[in-house]
Amino acid sequence: MPVPASFNDITQDPHLENYIGWVWYEKEVLLPQRWLQNDLSTRVVLRFGSAHYYAIVWVNGVQVVEHEGGHLPFEADISRIVQRSRGVPCRITVALNNTLTPHTLPPGSIQYMNDKTRYPKNYFVQNTRFDFFNYAGIHRPVVLYTTPSVYIDDITVTTTSSESVAMVQYQISVVGSELYSLSLSLRDQEGKVVATGSGPAGELKVPNPNLWWPYLMHESPGYRYFLEVKMQAQASGVPQEDIYTLPVGIRTVHVTSTQFLINGKPFYFHGVNKHEDADIRGKGLDWALIVKDFNLLRWLGANSFRTSHYPYAEEIMDLCDTYGIVVIDECPGVGIKMPESFGNKSLQHHLVVMEELIRRDKNRPSVVMWSVANEPASELPPAAYYFKTLIAHTKALDPSRPVTFVSDTNYALDHGAPYVDVICVNSYFSWYHDSGHLEVIPLQLTAQFENWYKTYKRPIIQSEYGADSVPGLHSDPPAMFSEEYQKALLKEYHSVFDKKRKEYVIGELIWNFADFMTNQGVTRVLGNKKGIFTRQRQPKSAAFVLRERYWKIANESSCLPPIIKSLSSQHVVHGITDYIISLV
Ligand code: GCB
């Protein structure tokens with residue numbers, strides 16, 4: 001079985017495609033001799049980018065780690081095990097289980113079908129309340145790396161800035177010894193040192209900073225400095241040195257009752273919702289696909305996306321930081337519908353998932369807001385305590401970013417909404433409701449915005465809207481599932497957005513960037529077809545509507561540099577150098 005990849009679509013076996021339960025992976029690797037010296041100065045670590053859902057890992061038959069949750073990294077110190085078995089290959093064994101329960105994130109449940117006249121013995125299905133295929137496998141890279149035995153365990157960086165000076169606050173944790181020294185230097189993109197510091201916590205002063213700006217808001221978006229942290233220590237008389245370089249984007253984020261400010265300037269999210277999803281590899285990391293998607297985002301003039309409905313690969317997040325694509329970073333809290341999923345067991349796990357996510361992504365300038373859930377049953381009374389606790393915990397872990405969750409509950413019944421900083425609403429007018437009646441959209445969407453705003457006085461993002469279209473299916477007048485209907489529906493929404501973005505609507509994220517696989521069902525034709533691109537990343541007509549709109553919005557902002565402005569208004573396809581052709 002290839003790694004990284006989902007196992008579901010790799011073989012011709014339908015049993016494996018829909019398999020629920022334990023699967024096993026095993027691989028033997030030879031480690032370099034110098035990693036295996038028994039002087040205890042080298043720490044060997046085995047790291048998984050993600051494995052879905054519950055993983056137990058053994059090295060040479062010894063259990064080294066277990067992890068719950070399919071979208072976040074985990075690792076184990078395997079030094080002792082490999083260093084005492086020199087000369088033999090290192091055998092890595094992984095047991096993986098994709099069973100979801102009411103207390104996993106996302107939740108699910110196993111239903112045994114006991115009617116013997118209709119189902120064979122022990123027949124069961126896994127029920128979920130989310131709309132994407134529950135792909136499973138080792139989805140992201142597995143790496144072995146080393147550090148000294150005294151090492152830099154974590155760095156936290158936050159930034160503040162005024163016109164002429166920025167401050168970079170840092171905190172560093174070192175593990176393995178109490179006796180160490182730390183020195184820091186911050187370099188700009190030319191390699192020039194702009195500030196230095198020392199010790200485990202402090203502040204660096206950067207005069208005339210180059211700020212991190214979103215794509216289309218500045219001529220050099222995504223500017224990052226590089227913070228080199230050097231640790232020196234003695235362990236059992238042996239000198240140890242660990243050096244880590246962290247990219248740092250200097251930017252601020254503030255939310256007012258009507259605006260989302262990045263570096264003090266109003267930011268309008270014109271972007272997409274995505275999925276990690278592709279033919280054959282499922283949710284497995286695929287560099288070519290990732291780079292293609294970034295080129296499509298840039299072609300579209302999209303400045304942002306939400307990681308619907310789980311944290312995306314770190315490789316994707318790195319490109320967001322680099323290219324200035326703004327991210328609403330969502331945890332896998334999707335499909336929380338069952339009352340038992342609001343209990344303490346679920347909540348405790350949800351808190352841990354937020355800790356893991358924030359530890360992973362806290363230093364990313366592209367991440368401007370955390371989303372703790374998508375469309376939970378927030379009308380249920382226990383949702384009040386659940387979201388109050390979850391959002392307070394998230395804010396305590398990271399006071400520097402706003403927190404939201406995405407709601408499709410009626411504004412008057414939502415028990416979680418009082419705790420969010422930004423209201424994120426999903427609606428599917430004239431699709432799931434009033435199907436085929438495009439004419440109701442202006443009225444219903446206007447009412448939606450006004451109701452939410454008058455109740456909460458917070459800025460609003462339309463975090464999902466859209467329609468399925470089967471590529472190549474045409475109908476005029478527009479009928480559902482045709483490319484024309486998808487375009488017409490978007491345009492109805494856009495006319496309302498254009499009015500309300502002058503007031504308090506701060507963003508629009510189309511559902512969805514690309515078609516994606518779901519469970520089979522009577523409303524899904526080989527998956528969800530609300531993509532403006534097909535699953536193979538070819539544009540449907542709606543992609544051109546959105547491209548026209550996003551570039552127009554970007555052009556209206558005074559920040560866009562003239563060169564990009566004129567290119568976009570002529571709709572000239574950018575030269576090849578404008579596209580991401582390398583990852584450097
Ligand atoms: C939603 C969900 C998303 C679905 C979408 C749809 O509200 O958040 O996961 O895929 O609707 O197309 O039904």
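A salt bridge here is a side-chain nitrogen of Lys or Arg within 4 Å of a carboxyl oxygen of Asp or Glu. The model is predicted: local features need pLDDT of at least 70, side-chain atom pairs count only at pLDDT 80 or more, and totals for chains, interfaces and linings use all residues. Residues are numbered from 1 along each chain as its sequence is written, and side-chain values use heavy atoms, without hydrogens and water.

**View 1. Arg537 pairs with Asp293 in a salt bridge.** The N to O distance is 2.8 Å. Arg537 lies in the loop between S27 and H9, Asp293 in helix H3, and 244 residues separate them. Helices (H or I, at least four residues) and strands (E, at least two) are DSSP runs, numbered from the N terminus. Arg537 has 3% relative accessibility and therefore counts as buried; buried means under 20% relative accessible area, exposed over 50%, partly exposed in between (1.4 Å probe, protein chains only). Asp293, at 4%, is buried.

**View 2. Arg535 and Asp277 form a salt bridge.** Their side chains meet at 2.7 Å, N to O. The pair joins distant parts of the chain, 258 residues apart. Arg535 sits in the loop between strand S27 (505-510) and H9. Asp277 sits in the loop between strand S20 (269-273) and H3. Both Arg535 and Asp277 are buried.

**View 3. Helices H3 and H9 cross.** H3 spans residues 287-300 and H9 residues 541-556. Their axes come within 8 Å and cross at roughly 60°. Axes are lines fitted to C-alpha atoms, for helices over the stretch in contact, and angles run from 0 to 180 degrees between N-to-C directions. H3 contributes Arg298, Trp299 and Leu300 to the contact (heavy atoms within 4.5 Å). H9 contributes Ala543, Phe544, Leu546, Arg547, Tyr550 and Trp551. By class, seven contact residues are nonpolar, none polar and two charged. Nonpolar covers Ala, Val, Leu, Ile, Met, Phe, Trp, Tyr, Cys and Pro; charged covers Asp, Glu, Lys and Arg; the others, Gly among them, are polar.

**View 4. Asp321 meets Arg364 in a salt bridge.** The N to O distance is 2.9 Å. Asp321 belongs to helix H4 (residues 314-323). Arg364 is in the loop between helix H5 (344-361) and strand S23 (367-374), 43 residues away. Asp321 is buried at 5% relative accessibility. Arg364 is buried at 10%.
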